[in-house]
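Biologist: Hi! I'm new to this one, so please walk me through it.

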Amino acid sequence: MTEAKKYPAPVTNPETAAFWDAAKAGKFMIKRCTACGEAHYFPRSICPFCYSDKTVWEEASGEGTIYTYSLMRKSPTGPYAIGYVTLKEGPSVQTNFVDCDFEKLKIGQKVKVVFKPTDGAPLPFFTPA
């Protein structure tokens, strides 16, 4: 019988606590700047576009498109795929792809967020939609 993959618990801090609390409820959060209107990920209190501290949490759809990816076929832990997903809301997310046939991944493919359990908050990954 194959053991389920074990993921490390994320390190949290006061600035990202709301993100991880929402992840526990199955919600994928991003930040939006109320000064310039841009959405950004990884959520942080200062807007990376205009440097304003006027940012608010926003629940993202969890849907996106593969911008690019790389398949690692030889690894001590087995094959895995990493890449960037452009969210429906605009920001790009660096991620791992899970629960799929890596050979069938394609640039432009629609994907959705899935959360994998850890000893802390669950981690967001992406899988084909």
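Biologist: Which residues of H1 are buried?
Modeller: They are Phe19, Trp20, Ala22 and Ala23. Seen down the axis of H1, these buried residues fall within an arc of 160°, so they line one face of the helix. The arc is taken from the directions that run from the helix axis to the C-beta atoms.

Biologist: What counts as "buried"?
Modeller: Buried is under 20% relative accessible area, exposed is over 50%, and partly exposed is in between, using a 1.4 Å probe and protein chains only. Helices are DSSP runs of H or I with at least four residues, strands are E runs with at least two, and both are numbered from the N terminus.

Biologist: And where does the model come from?
Modeller: It is a predicted model, so local features need pLDDT of at least 70 and side-chain atom pairs count only at pLDDT 80 or more, while totals for chains, interfaces and linings use all residues. Residues are numbered from 1 along each chain as its sequence is written, and side-chain values use heavy atoms, with hydrogens and water left out.

Biologist: Back to the helix. What do the buried residues of H1 pack against?
Modeller: They pack against S1, S3, strand S7 (110-116) and S8. Contact here means heavy atoms within 4.5 Å. H1 is followed by glycine 26, whose phi is positive, near 80°.

Biologist: Tell me about the rings. How many aromatic pairs are there?
Modeller: The structure holds 8 aromatic pairs. In tyrosine 7 and phenylalanine 125, the ring centres are 4.8 Å apart and the planes are at 40°, so the pair is tilted. That pair links distant parts of the chain: tyrosine 7 is in the segment before helix H1 (17-24) and phenylalanine 125 is in strand S8 (residues 123-128), 118 residues apart. Both tyrosine 7 and phenylalanine 125 are buried.

Biologist: What are the cut-offs for a ring pair?
Modeller: Rings of Phe, Tyr and Trp (its six-membered ring) pair if their centres lie within 6.5 Å; planes under 30 degrees apart are stacked, over 60 edge-to-face, and the rest tilted.

Biologist: And phenylalanine 19, why is its pair with phenylalanine 42 called tilted?
Modeller: The ring centres of phenylalanine 19 and phenylalanine 42 are 5.6 Å apart with planes at 55°, so the pair is tilted. Phenylalanine 19 sits in helix H1 and phenylalanine 42 in the loop between S2 and S3, 23 residues apart. Phenylalanine 19 has 1% relative accessibility and counts as buried, while phenylalanine 42, at 33%, counts as partly exposed. Ring pairs also link Phe19, Trp20, Phe28, Tyr41, Phe42 and Phe126 into a cluster.

Biologist: New topic: sheets. In what order do the 3 strands of the open sheet come?
Modeller: The order is S2-S1-S3, with antiparallel pairing. Strand S2 (39-40) and strand S3 (55-59) are the edge strands, each pairing on one side only. Strands pair if DSSP finds at least two bridges between them.

Biologist: Which residue lies over the face of tryptophan 57?
Modeller: That is lysine 31, at 4.8 Å from the ring centre. A charge sits over a ring if NZ of Lys or CZ of Arg is within 6 Å of the ring centre and within 35 degrees of the ring normal.

Biologist: What about S7, how many bridges join it to S8?
Modeller: There are 6, and S7 and S8 run antiparallel. A hairpin of 6 residues joins S7 to S8, and valine 111 stands opposite proline 128 in S8. Strand S4 (residues 63-72) and S7 also pair antiparallel, over 3 bridges.

Biologist: Last one: is aspartate 99 buried or exposed?
Modeller: Aspartate 99 is exposed, at a relative accessible area of 55%. Its place is in the loop between strand S6 (92-97) and S7. Leaving aside neighbours within four places in sequence, aspartate 99 is in contact with Val114, Lys116 and Thr127.
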